[in-house]
Amino acid sequence: MYKCGVYPVTEKTEISAGIYSYVISCPDVAELAKPGQFAHIKVDGFTLRRPVSICDADKEKGSLRVVFEVRGKGTARLADINVGDKTDIIAPLGNGFTLPESMAPGRRVILAGGGIGVPPLLGVARVMKGNATAILGFKSRERIILAEDFRRAGAEVIICTDDGSAGVRGTVADVLRDESVKGGADGVFACGPEPMLKAVVGECKKSGLNAEVSLEQRMGCGVGACLVCVCRAVRGGEEFMLRVCKDGPVFNGREVMP
Ligand SMILES: Cc1cc2nc3c(=O)[nH]c(=O)nc-3n(C[C@H](O)[C@H](O)[C@H](O)COP(=O)(O)OP(=O)(O)OC[C@H]3O[C@@H](n4cnc5c(N)ncnc54)[C@H](O)[C@@H]3O)c2cc1C
Ligand code: FES
């Protein structure tokens, strides 16, 4: 079930150069939202909405947080919105991450996020409380976002950067290769650029860990009708197509990255 409405922006922060965090007051959407789902946001002057992951939902305050990077004309226009302005959104859309209902003592999940793929994992960290290790990868120190938010949500945070300017030098998959990081993990939830996701799924296959990945795809309707967003998957040796908006955006990593 999703809602379609016009809701006010209550907070706007540029958390890194060209990366914006918005809090939107929308109690009916916040009530339904699950980590990994997305909002389809109307942008003035554009016919097609822009999909942005739900970074966090506060059911008590009735608010939703989204974090996006300016990539092109649509997101640049979106960044013009200010506190007090209204946003037209359809949300929550798609299927989120399959979160465990309970965890055995000492067990945890690994959150693997790269760059602007980090935001949707914050909601997972909040639900998992202290039972999550977040491996957050960025190009360099200046590009780090949301690390403190993950710590406040109770996650153990491991930062890695491509240039070694903060945390471990290397990629999220490099960190995941470390047996001491994987020990006690029940599964991996990942979001980031495709090469990163492929490397993470490859690492999970080697160590027998389940991996769920959130995919990005250009979208039209966002609700399963236009087939603009299909991706290829393999299950039981058979190939088939899935819609990222309706069947995803979160998928079994082994099926979409066989
Ligand atoms: C389910 C989902 C969740 C997303 N969550 C977030 C998020 O939380 N934060 C965030 O910053 N971005 C997110 N994106 C990506 C975001 O939708 C695109 O960056 C945005 O649509 C670009 O619009 P634009 O008009 O600014 O760019 P355009 O002018 O259309 O294009 C600029 C560049 O962005 C690329 N692009 C356009 N649309 C997409 C897309 N859907 N996926 C990947 N690349 C695209 C183009 O190839 C081009 O290189 C998500 C995408 C999906 C499908
Ligand atoms: S965007 Fe229309 S079916 Fe997915």
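F97 and F189 are both buried. The model they belong to is predicted.

**Aromatic pairs**

How many aromatic pairs does a search of the whole structure find? The search finds 3. In one of them, the ring centres of Y22 and F68 lie 5.5 Å apart and the planes meet at 15°, so this pair is stacked. Stacking requires planes under 30 degrees apart. Y22 sits in strand β2 (residues 19-25) and F68 in strand β6 (residues 63-69), so the contact ties together parts that are 46 residues apart in sequence. Y22 is buried, and F68 is buried too. Another pair is edge-to-face: F97 and F189, at 5.4 Å centre to centre with 70° between the planes. This pair links distant parts of the chain, 92 residues apart. F97 lies in the loop between β7 (86-93) and β8 (108-114), while F189 belongs to strand β12 (residues 185-191).

| Pair | Centre distance | Angle between planes | Geometry |
|---|---|---|---|
| Y22 and F68 | 5.5 Å | 15° | stacked |
| F97 and F189 | 5.4 Å | 70° | edge-to-face |

Ring pairs also join Y20, Y22 and F68 into a cluster.

**The sheet**

Strand β12 also takes part in an open sheet of 7 strands. The order is β11-β10-β9-β8-β12-β13-β16, and the pairing is mixed. Which strands stand at the edges? They are β11 and β16 (250-252). Each has a single partner strand, so one side of each is left without a neighbour in the sheet. β10 and β11 run parallel and are joined by 2 bridges. Here T161 stands opposite R169 in β11.

Helix α3 (residues 120-128) lies across β8, β9 (132-138) and β12. Its direction is at about 165° to β8. Helix α7 (residues 194-207) packs on the sheet as well, touching β8, β12 and β13 (210-214). The direction of α7 makes about 165° with that of β12.

**Helix α7**

α7 has 14 residues. From its first C-alpha to its last, α7 reaches 20 Å, close to the 20 Å expected at 1.5 Å a residue. Which residues of α7 are buried? They are M196, L197, V200, V201, E203 and C204. Viewed down the axis of α7, the buried residues fall within an arc of 160°, so they line one face of the helix. Their packing partners are β8, α5 (172-176), α6 (179-182), β12, β13 and α8 (253-256). The face of α7 turned away from the buried side carries the exposed residues P195 and K206. Just after α7, G208 takes a positive phi of about 70°.

Where is A166 placed? A166 is in the loop between β10 (156-161) and β11 (168-169). Is A166 buried or exposed? Its relative accessible area is 7%. The cut-off for a buried residue is under 20%, so A166 counts as buried. Leaving aside residues up to four places away in sequence, A166 touches R141, I144, I159, C160 and T161. T161 is the residue that stands opposite R169 in β11. V66 is 100 residues from A166 along the chain, and their C-alpha atoms are separated by 25 Å.

Definitions and conventions:
Residues numbered from 1 in each chain as written. Chains lettered and ligands numbered in written order. Predicted model: local features only at pLDDT ≥ 70, side-chain atom pairs only at ≥ 80, totals over all residues. Heavy atoms only, no water. Phe/Tyr/Trp six-rings, centres within 6.5 Å; stacked < 30°, edge-to-face > 60°. Helix = DSSP H or I, 4+ residues; strand = E, 2+ residues; numbered from the N terminus. Buried < 20%, exposed > 50% of the residue type's maximum accessible area, 1.4 Å probe, protein only. Contact = heavy atoms within 4.5 Å. Pairing = 2+ DSSP bridges. Axes fitted to C-alpha atoms, helices over the stretch in contact; angles between N-to-C directions. Expected span 1.5 Å × (residues − 1). Arc of directions from axis to C-beta.
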